[in-house]
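We will go stop by stop.

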Amino acid sequence: MVKRYYCDFCDCSYPYSDEAFKKHRTGHHHIKQRRAHYDKFKNARERLEDEAKKSKCRRFLSGQECSFGDSCVFSHLTQAGTEALQQLALEEERQERKMQIPTAQRRT
Ligand SMILES: [Zn+2]
Ligand SMILES: [Zn+2]
């Protein structure tokens, strides 16, 4: 019987072999799924930093369709999107500070 390898990120299984494994891990679909998986745990501040590291996708930001979509190596963040993320980051930091106050010191 062929051993099957299950990929958590892609939620799929495939017959296991070193070659298939290597091929899967470097596949476009897998990389995209993996990134989406980790992005879920990123907060707004981290996402902002990520986007700041990328150069802008000229195609997307000039209003054209970018066929790479979410997996584009360039940033698809618009000015409005950046501002929204900054707001979100501030909000998250406020929430975090609130949680760090020990219960004893919190006035009820
Ligand atoms: Zn996968
Ligand atoms: Zn793009």
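This is a predicted model. Start at the largest pocket, which holds about 500 Å³ of space. Its lining has 19 residues. Select Arg35, Asp39, Glu51, Lys54 and Asp70, the closest of them to the pocket centre.

Next, colour the lining by residue class. Which class do you meet 9 times? The charged residues number 9, beside 5 nonpolar and 5 polar ones.

Now select two helices, H2 (28-39) and H3 (44-53). Each gives at least two residues to the lining of this pocket. H2 supplies the largest share, with 5 residues.

Step back to the whole protein. Colour residues 1-41 as domain 1 and residues 43-103 as domain 2. How many residues does each domain bring to the contact? Domain 1 brings 5, and domain 2 brings 6. Return to the largest pocket for a moment: at least three of its lining residues come from domain 1, and at least three from domain 2.

Draw a line between the domain centres, taken over C-alpha atoms. They are 27 Å apart.

Now look at the interface itself. The two domains bury about 370 Å² between them, and 41% of that lies on carbon and sulfur atoms. Select Lys32, Arg35 and Asp39 on the domain 1 side. These three supply 71% of the area domain 1 buries against domain 2, more than any other three residues. Arg35 and Asp39 were also in your pocket-centre selection.

Definitions and conventions: Residues are numbered from 1 along each chain as its sequence is written. Chains are lettered from A and ligands numbered from 1 in the order in which they are written. This is a predicted model: local features need pLDDT of at least 70, side-chain atom pairs count only at pLDDT 80 or more; totals for chains, interfaces and linings use all residues. Side-chain values use heavy atoms; hydrogens and water are left out. On a 1 Å grid over the protein atoms alone, a cavity is a set of points where a 1.4 Å probe fits but cannot get out, and a pocket is an open set with protein on both sides within 12 Å along at least five of seven lines; lining residues have an atom within 4 Å of a point. Grid points are joined across faces, edges and corners, and a volume is the space filled by probe spheres set on the points. Helices (H or I, at least four residues) and strands (E, at least two) are DSSP runs, numbered from the N terminus. Ala, Val, Leu, Ile, Met, Phe, Trp, Tyr, Cys and Pro count as nonpolar, Asp, Glu, Lys and Arg as charged, and the others, Gly among them, as polar. Domain bounds come from an automatic or database domain assignment. Contact means heavy atoms within 4.5 Å. Buried area is the accessible area (1.4 Å probe) that two parts lose on being put together, summed over both.
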